[in-house]
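Please look at both before reading on.

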Amino acid sequence: MKESNHIITTENVNFYYGDFKALQDITMGFEKNRVTALIGPSGCGKSTLLRLLNRMNDLIDGTRVEGKVLFEGADIYDPRVDPVDIRRRIGMVFQKPNPFPKSIFKNVAYGPRVNGVCRKRDLDALVEKSLLQASLWNEVKDILDRSAMTLSGGQQQRLCIARALAMKPDVLLMDEPTSALDPVSTAKIEELIEELKKDYTIIIVTHNMQQAARVSDCTGFFYLGRVIEYNRTDLLFTTPEKKQTEDYITGRFG
Amino acid sequence: MEQKLHTSRQYENELREIKENLMYLGVLVEKAIGESVRSLLERDTEAARSVVDGDEAVDRLDEEIEEKCIRLLAIRQPAARDLRFITAAIKINAHLERIGDMAVTIARKAAALNEEPQLKPYIDLPRMAETARGMIRKSLDALIREDIDAAREVRREDEVVDSLNEQIFRELLTFIIEDPRTTHRALLIIQISKSLERISDHATSIAKAVIYMITGENVRHTKTDETVTGATPEDNR
């Protein structure tokens with residue numbers, strides 16, 4: 001993995017929830033326009049790392065970060081940096097679809113509006129483009145005024161992706177984006193991830209190892225707050241270097 | 001390296017069953033080779049016939065193993081070592097089945113030879129057969145013990161069998177030239193020798209599949225020497 005292509009890098013990152021050290025000495029680079037999967041058992045720190053990459057953990061009391069998280073070379077934990085600005089450029093999609101109880105249109109237009117896009121023509125174009133990118137446009141173009149809550153779970157999740165895309169981020173963080181979805185919706189999201197990586201860098205946390213193997217270019221295996229192995233996905237799933245990785249991906253747990 | 005067991009005991013058992021079935025198939029075909037060659041050496045046509053009849057059991061086991069492997073691929077989505085084991089098992093299974101067919105060929109030629117007076121004393125053929133059988137045993141041992149050195153040895157022994165086959169061919173050619181009435185018998189013996197040579201090729205392929213299973217390194221189209229020096233997968237990264 002060439003360093004020059006890394007859009008985000010972490011350097012010796014430690015992370016604490018109070019006294020509990022949830023991440024230990026994480027040094028990784030995330031390649032631009034690639035999909036990186038983070039896998040590992042519950043409590044291994046993969047979601048913590050994901051949330052750390054756009055300062056989402058700031059919202060939790062008693063947390064502390066040590067080390068550096070560089071986004072395009074600049075430390076996002078620098079006191080002069082506005083976390084809201086970081087989250088605008090590094091978007092996030094959560095495990096459960098969480099649309100606002102508003103219309104489909106307003107869900108997607110919300111972020112841009114708050115950020116000063118107010119001309120109807122601009123908003124219309126942005127909403128259409130975002131929904132197209134999220135592969136949802138054809139299903140909702142005639143019902144944009146309907147409540148987002150009337151959509152199916154899979155559609156809601158794609159709406160959340162469209163909402164994130166409307167902010168024109170560089171990076172999209174996905175925290176188990178399909179764990180609440182049926183196989184058809186899951187396949188659509190996976191297909192979408194493949195499409196999106198042309199324009200975005202994607203980092204995805206997943207408990208589904210086959211999903212990691214299918215959608216990602218690189219995979220990091222986490223255990224007890226450490227990166228055990230970080231490699232090209234095809235190598236990690238066929239010939240892992242570490243026995244711990246092998247035990248996990250072949251189903252030898254505990 | 002001590003392997004941890006799968007959390008799913010069912011899965012663990014299914015993998016072990018495939019391994020055991022492969023071992024059993026190996027025993028069957030190795031015995032078939034022994035019997036087919038014995039039927040030639042001892043002019044025992046009855047033994048040849050039982051080798052031909054025994055091939056049905058080999059075919060049935062071959063089908064069973066393949067089905068089990070495909071089923072595991074479908075329901076377990078194996079990864080890493082397990083994935084390499086199952087893909088290797090599918091190949092090894094096919095090679096063992098072909099070896100069984102070779103034993104049948106040998107048995108048929110032996111039965112035909114038994115109808116005529118013996119052309120010459122057999123010295124190299126039993127040596128070839130012993131080496132080939134040893135190669136099958138060793139390659140399957142390598143599979144069970146995950147012993148890469150044993151697998152590499154099998155590849156070297158293939159050369160011994162190849163040169164014995166050539167030697168037999170040249171010798172029988174002189175028989176034919178000196179007395180064309182020996183042609184039929186000489187050709188039958190050449191075919192037996194050729195079958196043994198192909199058995200050792202299959203055993204070599206099994207050994208290569210074992211090397212792949214252990215290291216993830218594909219050595220199917222490399223010469224023996226390259227593998228003996230042993231590029232580890234890390235070198236390729």
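## A residue in chain B

B:Glu20 lies in helix α1 of chain B; helices (H or I, at least four residues) and strands (E, at least two) are DSSP runs, numbered from the N terminus. B:Glu20 is exposed, as 12 other C-beta atoms lie within 10 Å. The cut-offs are 20 or more other C-beta atoms within 10 Å of a residue's own for buried, 12 or fewer for exposed, and partly exposed in between, with C-beta atoms placed from the backbone. Between B:Glu20 and B:Gln118 there are 98 residues in sequence and 40 Å in space, C-alpha to C-alpha.

## Basis of the model

The model is predicted: local features need pLDDT of at least 70, side-chain atom pairs count only at pLDDT 80 or more, and totals for chains, interfaces and linings use all residues. Residues are numbered from 1 along each chain as its sequence is written, while chains are lettered from A and ligands numbered from 1 in the order in which they are written.

## Helix packing in chain B

Two packed helices are described by the angle between their axes and the distance between the axes. For α1 (residues 9–41) and α3 of chain B, the axes come within 9 Å and cross at roughly 15°. Axes are lines fitted to C-alpha atoms, for helices over the stretch in contact, and angles run from 0 to 180 degrees between N-to-C directions. α1(B) and α3(B) are therefore roughly parallel to each other (angles under 35 degrees count as roughly parallel, over 145 as roughly antiparallel, 65 to 115 as roughly perpendicular and the rest as oblique).

The crossing of α1(B) past α3(B) is left-handed, a term used if the near helix is turned anticlockwise from the far one by less than a right angle, with right-handed used if clockwise. The contact of α1(B) with α3(B) has 20 nonpolar, 5 polar and 1 charged residues. Here Ala, Val, Leu, Ile, Met, Phe, Trp, Tyr, Cys and Pro count as nonpolar, Asp, Glu, Lys and Arg as charged, and the others, Gly among them, as polar.

## Interface between the chains

On chain B, 16 residues are in contact with 14 residues of chain A; contact requires C-beta atoms, placed from the backbone, within 7 Å. Helix α3 (residues 80–114) of chain B supplies the largest share of the chain B side, 5 residues. That side divides into 7 nonpolar, 5 polar and 4 charged residues.

## Chain A overall

Chain A has 10 helices and 10 strands. Its radius of gyration is 18 Å, close to the 18 Å that the globule rule gives for 254 residues, so chain A is as compact as a globular protein of that length. The radius is taken over C-alpha atoms, and the rule is 2.2 Å times the number of residues to the power 0.38.

The C-alpha trace of chain A spans about 55 × 45 × 35 Å along its principal axes. Of its 254 residues, 44% are buried.

## Selected residues of chain A

A:Leu23 sits in strand β2 of chain A and is buried, with 25 other C-beta atoms within 10 Å. Leaving out residues up to four places away in sequence, A:Leu23 touches residues including A:Val13, A:Phe15, A:Leu49 and A:Gly225.

Most residues other than glycine have a negative phi. A:Asn33, in the loop between β2 (20–31) and β3 (35–39) of chain A, has a positive phi near 55°. A:Leu224 also has a positive phi, about 50°, and is in the loop between β9 (218–223) and β10 (226–232) of chain A. A:Asn33 is partly exposed, with 15 other C-beta atoms within 10 Å; A:Leu224 counts as partly exposed with 15 C-beta neighbours inside 10 Å.

Methods: Contact = placed C-beta atoms within 7 Å.
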